[in-house]
Amino acid sequence: MRVSGVDGRKLELYSGVGKVAEGFGELRVTKPRLWSPEQPYLYGLRVDGVMVGVGIRSFRFDPGNGFYLNGRPLKIQGVCMHHDLGLLGAAVNESAMRRQLRKLKEMGCNAIRTAHNPPAPQLLDLCDEMGFMVMDEAFDMWRKKKNKYDYSLDFQEWGVRDIQDQVRRDRNHPSVILWSIGNEIREQFDSSGISIARRLAAAVKELDTTRPVTCALTETDTAKNFIYRSGALDVIGINYNQDKYDSVPVKLAGEGFYRFRNGVEPRDAGPL
């Protein structure tokens with residue numbers, strides 16, 4: 001078990017029966033209890049006297065057989081969830097978030113795509129605790145604006161720093177399985193999308209190489225989509241365009257994809 005961002009400090013790992021491991025930077029755990037949506041087991045990790053919850057799990061996207069969690073195939077049944085809690089508004093309300101996630105769990109949901117900005121840390125804590133996999137999304141726009149006073153005004157100066165702050169904050173959550181560098185970004189339609197996508201993906205992987213990078217795209221013609229052509233994405237995201245899904249395996253020949261309505265199409269995954 002490797003813990004990121006602890007800089008060689010002493011780590012102590014606890015289960016319900018007491019301390020199970022200690023070390024510096026890396027911990028060896030014999031017969032660990034694994035985290036999953038069905039059984040979201042969390043250990044207690046003590047660093048500098050502070051106890052936080054952590055989980056142990058592995059996952060991979062297989063081009064022929066789909067998504068695997070802890071070595072077993074698992075269908076991702078997720079939703080794209082905006083942060084505003086409906087009529088309650090955008091202020092963080094942990095009890096309302098817990099209720100929302102409980103309702104989704106009852107529906108059979110096991111994954112959340114955050115939209116379209118870094119989520120509240122309380123949401124990720126709840127996803128760890130309640131058993132939701134998370135696509136952790138950073139931006140709704142890059143340099144090209146969608147509204148007059150949106151984040152495009154700050155992206156050039158702050159984009160890389162902001163996404164790296166997000167990765168540093170969220171990378172020890174077992175719920176997080178994907179980093180999304182954008183939603184329906186307008187640079188997918190011009191060549192600047194190539195360099196920006198590569199820069200953001202490199203910024204993510206400078207801090208975390210254990211999770212794939214994705215971006216939610218709208219252009220399914222790969223010849224016209226410059227973010228796709230950047231080669232920076234490990235997982236290809238397709239929003240909407242359900243009528244074009246049958247053509248996606250042809251355009252992504254050898255790369256594979258899975259169907260997730262208004263969701264993601266992994267470059268290295270098979271059908272759901």
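Colleague: How many bridges join S1 to strand S3, and in which sense do the two run?

Modeller: Before that, the ground rules: this is a predicted model, in which local features need pLDDT of at least 70 and side-chain atom pairs count only at pLDDT 80 or more, while totals for chains, interfaces and linings use all residues. Residues are numbered from 1 along each chain as its sequence is written, and side-chain values use heavy atoms, with hydrogens and water left out. Helices (H or I, at least four residues) and strands (E, at least two) are DSSP runs, numbered from the N terminus. Two strands pair if DSSP finds at least two bridges between them. In general, strands of a sheet pair through backbone hydrogen bonds, either parallel or antiparallel. Here S1 and S3 (residues 43–47) are joined by four bridges and run antiparallel. Within that pairing, Tyr14 is opposite Gly44 of S3.

Colleague: What joins S1 to S2, and through how many residues?

Modeller: A hairpin, with two residues between S1 and S2. Strand S1 (residues 10–15) and strand S2 (residues 18–24) are antiparallel and share six bridges. Glu12 has Glu22 of S2 as its bridge partner, and Leu13 has Ala21 of S2.

Colleague: What is the strand order of the sheet of four strands?

Modeller: The order is S2-S1-S3-S4, in an open sheet with antiparallel pairing. S2 and strand S4 (50–54) are at the edges with a single partner strand each, so one side of each has no neighbour in the sheet. From one strand to the next, the twist averages 25 degrees. For angles such as this, axes are lines fitted to C-alpha atoms, for helices over the stretch in contact, and angles run from 0 to 180 degrees between N-to-C directions.

Colleague: Which strands form the open sheet of three, and in what order?

Modeller: S5-S6-S7, with antiparallel pairing. Strand S5 (59–62) and strand S7 (72–73) are the edge strands, each with a single partner strand, so one side of each is left without a neighbour in the sheet. Strand S6 (residues 66–69) pairs with S7 over two bridges, in the antiparallel sense. Tyr68 is opposite Pro73 of S7.

Colleague: Now the helices. At what angle do H1 and H2 pack, and how far apart are their axes?

Modeller: Two packed helices are described by the angle between their axes and the distance between the axes. For helix H1 (residues 94–107) and helix H2 (residues 121–130), the angle is about 40 degrees and the axes are 10 Å apart. That makes H1 oblique to H2; angles under 35 degrees count as roughly parallel, over 145 as roughly antiparallel, 65 to 115 as roughly perpendicular and the rest as oblique. The crossing is right-handed, a word used if the near helix is turned clockwise from the far one by less than a right angle, with left-handed for anticlockwise. Contact means heavy atoms within 4.5 Å. Residues of H1 including Met97 and Leu101 meet residues of H2, among them Leu123 and Leu126. The residues of this contact of H1 with H2 divide into six nonpolar, one polar and five charged. Ala, Val, Leu, Ile, Met, Phe, Trp, Tyr, Cys and Pro count as nonpolar, Asp, Glu, Lys and Arg as charged, and the others, Gly among them, as polar.

Colleague: How closely do the axes of H3 and H4 come, and at what angle do they cross?

Modeller: The axes of helix H3 (residues 152–170) and helix H4 (residues 192–207) come within 9 Å and cross at roughly 30 degrees. H3 and H4 are therefore roughly parallel to each other, and their crossing is right-handed. The contact of H3 with H4 has nine nonpolar, three polar and three charged residues.

Colleague: Which two residues are joined by a cis peptide bond?

Modeller: Most residues other than glycine have a negative phi, and most peptide bonds are trans. The cis bond joins Ala115 and His116, with omega about -25 degrees. His116 is in the loop between strand S9 (111–115) and H2.

Colleague: Where is Asp48, and is Asp48 buried or exposed?

Modeller: Asp48 is in the loop between S3 and S4. Asp48 is exposed, at a relative accessible area of 55%; buried means under 20%, exposed over 50%, and partly exposed in between (1.4 Å probe, protein chains only). Asp48 is not a glycine, yet has a positive phi of about 55 degrees. Asn70, in the loop between S6 and S7, is not a glycine either and has a positive phi of about 55 degrees.
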